[in-house]
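Hi there,

Here is the structure I promised to pass on. Have a look at it first, and then read on for what turned up.

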Amino acid sequence: MSPVWNAFKNLSRWLTPGLGIKRWLLVLLAGTTLVAIGFGVAVLDFYRNAPDTWWLPVLSSLALRALARPVRVAIFGTLGLVLMGLGIWGMNRALLEPFRPQHGSVVDAVVAYRRKGRGPRIVAIGGGHGLANLLRGLKAYSHNITAVVTVADDGGSSGRLRASLGILPPGDIRNCLAALSNDEALLTQLFQYRFGNDVEGLEGHS
């Protein structure tokens, strides 16, 4: 396929139903049209009431008054749509560049996000490493996930936390939060930090 066709295909994907893009595009087009009408009325009024000076013929040539009105409307309308498209494309590219996913395009990320937002409502009940692994797989299909994490563990590190601080063991909840995060590697790295011996009651705990 040619690069032009690929670019057109990628742009047309922004009009996929359910993305919430088309409504705001229509609002943008309506606002641009009203501004253009107001500007055109002002220019026309100025042109009709301006004194006869040397630059009026120049303005007439720029307005393509030698051509028929439908031809002029088509020319200026086409140029306007091309410039609007280039402006929107360039602005979106500049604004979204820092958030562009490493693999795939921005529209792919938007489609996947919307699809997960409409995904099934899931409640997962359990504990231990099994629940975290289950949530890690489920988050690829839905954003509507609720985890009910049991905290009945009283052995090892969890038992020492119960005895010394009187708190429920946070280990399984920590693993589930990391599994559901967008950047699991970073959050896991943060949650796996272990306190040193200088923190009383938390020595060696994550």
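Predicted model: local features only at pLDDT ≥ 70, side-chain atom pairs only at ≥ 80, totals over all residues.

Together with Lys 22, Arg 23, Arg 115 and Arg 118, Arg 114 belongs to a patch of positive charge on the surface. Two helices, helix 2 (22-49) and helix 5 (106-117), each provide at least two residues of that patch. Arg 114 counts as partly exposed because its relative accessibility is 35%, and the partly exposed class lies between under 20% for buried and over 50% for exposed.

Leu 25, Leu 26, Leu 28, Leu 29 and Leu 81 make a nonpolar patch, and their accessible area together is about 440 Å². Helix 2 gives the most to this nonpolar patch, namely 4 residues. One of the members, Leu 28, is placed in helix 2. With a relative accessible area of 39%, Leu 28 is partly exposed.

Staying in helix 2, you will find Thr 32 there as well. Thr 32 has 28% relative accessibility and therefore counts as partly exposed. Its C-alpha is 9.1 Å from that of Met 84, although Thr 32 and Met 84 are 52 residues apart in sequence.

Now for the overall picture. The protein has 9 helices and 2 strands, and along the sequence they follow the pattern α-α-α-α-α-β-α-β-α-α-α. Of the 206 residues, 15% are buried. The accessible surface comes to about 15,200 Å², and carbon and sulfur atoms account for 67% of that surface. Among contacts with a separation of 6 or more, 40% are between residues 24 or more positions apart.

Some of the residues further along the chain are worth a look too. Is Leu 135 buried or exposed? Leu 135 is buried, because its relative accessibility is 0%. Leu 135 has its place in helix 6 (residues 128-138). Setting aside neighbours within four places in sequence, Leu 135 is in contact with Ala 124, Ile 145, Ala 147, Cys 176, Ala 179 and Leu 180. Leu 135 and Leu 177 are 42 residues apart in sequence, with 9.2 Å between their C-alpha atoms.

Val 148 is in strand 2 (residues 145-149). This valine counts as partly exposed, since Val 148 has a relative accessibility of 39%. Not counting residues up to four places away in sequence, Val 148 touches Val 123, Ala 124, Ile 125, Gly 126 and Leu 131. Ser 181 is buried, with a relative accessible area of 14%. Leaving out residues up to four places away in sequence, Ser 181 touches Lys 139 and Leu 187.

Best wishes

Notes: Residues numbered from 1 in each chain as written. Heavy atoms only, no water. Patch = residues over 30% accessible without salt bridge, like charges linked within 9 Å, V, L, I, M, F, W, Y side chains within 5 Å. Areas by Shrake-Rupley, 256 points an atom, 1.4 Å probe, with all protein chains shown as cover. Salt bridge = Lys/Arg side-chain N within 4 Å of Asp/Glu carboxyl O. Lys, Arg positive; Asp, Glu negative; His and termini not counted. Charge placed at Lys NZ, Arg CZ, Asp CG, Glu CD. Buried < 20%, exposed > 50% of the residue type's maximum accessible area, 1.4 Å probe, protein only. Contact = heavy atoms within 4.5 Å.
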